[in-house]
Amino acid sequence: MDKIVINGGKPLNGEVIISGAKNAVLPIMTACVIEPGKYTLNNVPDLRDTRTMGRLIEMIGGSVQFHNNSMQINTINCDKPVAPYELVKTMRASFYVLGPFMSRYNYAEVSLPGGCAWGPRPVDFHLKALEAMGATISLERGNLISKGELHGAEIDFEKVSVGATGNTLMAALKANGKTIINNAACEPDITDLVDFLSKLGGDIKGRDTTKLTIQGMPELNGGFEYDIIPDRIEAGTFLIGVALTGGEVTLRNVNPEHLGVVISKLKEVGTDIQSDDNSITIRSSKKINPVDMTTAAYPGFPTDLQAQWMALMCLASGDSTIIDDIYHDRFTHMAELSRFGANLHLVDNVASVKGIEKFYGAPVMSTDIRASASLILAALAADGKSEISRIYHIDRGYENIELKLQGLGADIKRTKA
Ligand code: UD1
C-alpha cells in the first residue's frame with residue numbers, strides 16, 4: 001500500500017490550480033442518468049470517487065470515458081437501476097442515484113449505506129421525502145427497494161441536509177406536479193446541481209436559497225456540455241496549509257465567494273488574503289492567533305475543513321475550541337494529530353485545543369478523506385520526517401495532492417510500502 005513521506009518545515013510558495021469540486025460532480029454524474037443522453041462534464045477532478053461513480057454508471061448500462069478532466073457520459077442504454085453494496089460501501093455518494101433512478105424508472109434498488117469511519121450517517125430524510133412523493137420503500141437483505149410513480153409534495157427538512165436536498169431535487173424533476181423543499185441546503189454543490197438540472201430543462205425556482213420549488217416536467221432535454229465549479233474544500237485545505245507553514249501562494253481556478261467564512265477566519269488567524277474573481281493569494285508569516293470555530297451548513301464553516309482547521313489551531317499562540325455541529329463524531333484525526341505532539345481534549349462534539357510550539361514528525365495513519373488532509377498539513381509544518389499510511393483515503397478527494405504540494409516547494413513523495 002502506498003505511503004506519503006514528508007520532510008516538514010518548509011514554507012509553501014508559488015501557484016496551484018484548484019481542481020473541480022468532488023461534492024458537486026458526484027451528484028451531477030448521477031443526474032446524467034435522469035434523462036437518456038450524451039453528456040460532457042468539464043473540470044472533473046481525477047479522483048478515486050469520480051472513477052467509482054463512473055463504474056457505477058457503467059454497471060447500470062451506461063458508458064463513461066474520462067480524459068484530461070473531461071468526462072463523457074452516455075446514459076442512453078442505462079437499464080438496470082441497481083446500486084450494489086460493493087460500491088455503496090466504498091462511497092456513500094453512490095446513494096445519490098436514488099433520486100435519478102426514481103425519476104427515470106419509478107424504481108430503485110440501492111444498498112442502504114451503513115455508518116462510516118466517523119459514526120452513523122442516516123438517510124431517513126431522503127426516504128421520508130420520497131415517501132411523501134408517493135414512493136413505497138422496503139428493505140430487503142440490506143437493499144432499499146423504492147417503487148412508484150412520484151407526485152409533487154411539500155417537504156420540510158428538520159435539519160439542513162446536502163444529500164437529502166440533492167436526492168429530492170432529482171426525484172422531483174419529472175414528478176407529477178409541484179414539489180417544495182423547505183430548509184433546503186444551499187451549499188455551492190447544490191447550486192451547481194440546480195444549474196445542471198435547469199440546463200436539463202428542469203423548472204426550479206429558489207436557486208441559492210433555502211426554499212426550492214420544482215415544477216415537475218414530463219419532457220427534458222438530455223445531452224449537453226457542463227462545467228463543474230471549483231472545489232472550495234481543496235482550496236480551503238491549501239489556504240490552511242499556507243497559514244500553517246508560512247509562505248505566499250496563489251490559488252487559481254477558485255471561487256472566493258464560496259470561501260467567505262474560511263477567508264475571514266484565516267484573516268483573524270493573522271494571514272493576509274487578497275482575492276479577485278477566480279484567484280486567491282494568501283501570505284502567512286506563521287503567526288497563528290487562536291480562533292474558535294463551529295461548523296455549520298453553508299454559508300457557515302464547512303465540516304469538511306474541520307480537521308484541517310484543528311491542525312492549524314494546534315500550532316496557535318493560545319487555546320481554542322472547535323465544535324462540529326454537523327457530524328458530532330467526526331474527530332478520528334485527533335488521536336493521529338496527538339502523535340505529532342498536539343494537545344487535544346474532546347467532550348461530546350467540542351474539542352479543546354491547547355496551542356503548542358511545534359509538531360514533531362511521526363508515522364501516522366489516515367482514517368478518512370479530510371482527516372488525511374489534516375495529517376498532511378500537520379506533517380508539512382512538523383520538524384522532521386513523517387510517514388502517512390492508508391493514503392487511499394486522500395486519493396478519494398484530492399487530485400495529485402503530492403504533485404501540487406511539490407510544485408509549492410514541499411518535500412513530499414509517495415512511496416510503495
Ligand atoms: C455533509 C455536509 C457536506 C459534506 C459531507 C461530507 C453539511 C450540511 N453537509 O453532507 O457539506 O460535504 O457531509 O463530509 O454540512 N441527516 C439526518 N438524516 C438524513 C440526512 C442527514 O439526520 O437523512 C443529518 C446528518 O446526520 C447531519 C446533517 O443532517 O447531522 C447534515 O447531513 P447531510 O448534509 O445530509 O450530510 P452529507 O450529505 O453527508
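**Domain interface and ligand surroundings**

The structure discussed here is a predicted model. Its protein chain is assigned two domains: domain 1 is made of residues 2-19 and 230-416, while domain 2 spans residues 22-227. Taken over C-alpha atoms, the domain centres lie 30 Å apart.

On one side, 23 residues of domain 1 take part, and they are in contact with 22 residues of domain 2. Polar contacts join eight residue pairs across the interface of the two domains. On the domain 1 side, the elements that give two or more residues are helix 12 (369-381) and helix 13 (392-397). Helix 13 provides the largest share of that side, with four residues. Sorted by class, the domain 1 side that touches domain 2 holds 10 charged, seven nonpolar and six polar residues.

Charge pairing also features here. Side chains of opposite charge can pair when their charged atoms come close. Two salt bridges are found across the interface of domain 1 and domain 2. In the salt bridge between Asp49 and Arg396, the closest N and O atoms are 2.8 Å apart.

Over the whole structure, the search returns 21 salt bridges. One of them pairs Glu387 with Lys3, with 3.0 Å between the closest N and O atoms. This pair ties together distant parts of the chain, since Glu387 sits in strand 23 (residues 385-389) and Lys3 in strand 1 (residues 2-7), a separation of 384 residues.

Turning to the ligand, 20 residues are found around it, and those that come nearest are Asp124, Ser161, Val162, Asp304 and Ile326. Several side chains also place polar atoms by ligand oxygen atoms. For Arg121, an N or O atom of the side chain is 2.7 Å from an oxygen atom of the ligand. Tyr327 has a polar side-chain atom 2.8 Å from a ligand oxygen atom. In the case of Asn23, the distance from a side-chain N or O atom to an oxygen atom of the ligand is 3.0 Å.

Conventions:
Residues numbered from 1 in each chain as written. Predicted model: local features only at pLDDT ≥ 70, side-chain atom pairs only at ≥ 80, totals over all residues. Heavy atoms only, no water. Domains from an automatic or database assignment. Contact = heavy atoms within 4.5 Å. Salt bridge = Lys/Arg side-chain N within 4 Å of Asp/Glu carboxyl O. Polar contact = N/O pair within 3.5 Å; in protein donor to acceptor, adjacent residues only side chain to side chain. Nonpolar A, V, L, I, M, F, W, Y, C, P; charged D, E, K, R; others polar. Near = heavy atom within 4 Å.
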